Amino acid sequence: MRYEILKLLREAGSGHITGVDIGACFGISRSAVWKHIKELRSEGYNIESSPKKGYRLLPGREQLNSFEIMNGLGTKTVGRGVVYFDEITSTNAHASRLAAEGCPEGMTVVAGMQTHGRGRLGRDWESPRDKGIYLSVVLKPPMAPAETPIFTLAAAVAAVKAIYAATGIRTGVKWPNDIIYDGRKVSGILLEMNSEADRVNWLILGIGINYSQTEDDFPAEIRDRAVSILSASGSGSPQRKSTDVQPGRLTLIRALLREIDEIYQDILGGNNGVILDEWRKYSVTLGKEVRFSLRNTEYTGVAADITDSGSLLVDCSDGIRRELLSGEISIRGIFGYSD
Ligand code: BT5
């Protein structure tokens, strides 16, 4: 209810609305209106009250909550339901629980911090309070498990586009799940799946974006390989449009949900080719010298292309073209691989 009142105040712009009028809109008493106003204020909304004129919403700090994320989002699937937590273990873990309980497709979990943010293969994702974006989306595509790797690449494309749309910063994708700015990781993607042998039950698409960390906010082990949006935008880099004002996390989250939604509709419509082409466009991987290990053997080669299913093709120095379905690569010049 309080967010309905907020909506009304927002629609009134710089005008006032009396408690009586608000109460009449929702069939509640003036004192009930006052209770909701107090709650909104305690959340951080700047609401002026004048005995004669009523209430008025004044500009204030950006608020992150399910209402702000969903309001007027205009997506078909993603973010149709949003739950927001100030703190959670892991948005992916919570989204999995919601999916197991039968939540609708598109349900999105967003958090202000994660105590056990997950990376791939049991690794951690550093998720300090209010300094990053931590979100997970439940998807239920009608497809086989083998077709799902495209989702990691699709999410990477969505993240690059959303970061550019919201901040003007140009990032790139490192196969399979890293978003890179200036050789450092600004965002990572974690795709988790629950499936039968031949059918996906649900996917959890988790995205973490470093938003406002300074170098000191990152643990020493990753300080030289991690970067945040704000430190990137402060660098005066030519990779940034010069006219943009600093957006908040809310703008970026909404841009991200819209991009994921759009790309999800592409996947459902069988338009993987569009996604793969965009991925190629944003790639910092293709054409580069890469190193990887396969069944305990180290290889080097040149990343040649990605396949329709999202595997990486590498022309190895022994003359053989190898296909990587998943896993890890090092790219010369990124994350300290320089030998
Ligand atoms: C990833 O794993 O990059 C996937 C990260 C996904 C995080 C999101 S946040 C919302 C959702 N809920 C979750 O619980 N997770 C998802 P991986 O490729 O395995 O990279 C992990 C490695 O990146 C770590 O071992 C560190 O070396 C490094 N790392 C950890 N935190 C980082 C950060 N904040 N920024 C940059 N690098 C980081």
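Mentor: Start with one term: a residue is buried under 20% relative accessible area, exposed over 50% and partly exposed in between, using a 1.4 Å probe and protein chains only. The model is predicted, so local features need pLDDT of at least 70 and side-chain atom pairs count only at pLDDT 80 or more, while totals for chains, interfaces and linings use all residues. Numbering runs from 1 along each chain as its sequence is written, and side-chain values use heavy atoms, with hydrogens and water left out.

S90 sits in the loop between β3 (82–85) and α5 (91–100). Helices (H or I, at least four residues) and strands (E, at least two) are DSSP runs numbered from the N terminus. S90 is buried because its relative accessibility is 3%. Its side chain reaches the backbone nitrogen of A93 at 3.0 Å. That is a polar contact (N or O atoms within 3.5 Å; within protein, one able to donate a hydrogen and the other to accept it, with sequence neighbours counted only if both atoms are side-chain atoms). Leaving out residues up to four places away in sequence, S90 touches Q114, H116 and R118; touching here means heavy atoms within 4.5 Å.

Next, the ligand. It is surrounded by 26 residues, and the closest are S90, R118, R123, K185 and N210. To count, a residue needs a heavy atom within 4 Å. A polar side-chain atom of S90 lies 2.7 Å from a ligand oxygen. Q114, one of the residues S90 touches, has a polar side-chain atom 3.0 Å from a ligand nitrogen. E126 uses its backbone: a polar atom there is 2.9 Å from a ligand nitrogen. The protein covers 93% of the 800 Å² of accessible area that the ligand has on its own.

The domain assignment gives domain 1 (2–57), domain 2 (66–282) and domain 3 (289–331). The centres of domain 1 and domain 3, taken over C-alpha atoms, are 59 Å apart.

Helix α8 (residues 249–268) is mostly covered, with 14 of its 20 residues buried. Just after α8, G270 takes a positive phi of about 75°. H36 lies in helix α3 (residues 30–43). H36 is also buried, because its relative accessible area is 17%. Beyond four places in sequence, H36 touches M1, R2, I5 and I28.

How values were computed. Domain bounds come from an automatic or database domain assignment. Accessible areas come from the Shrake-Rupley method with a 1.4 Å probe; for residues, only the protein chains shown count as cover.
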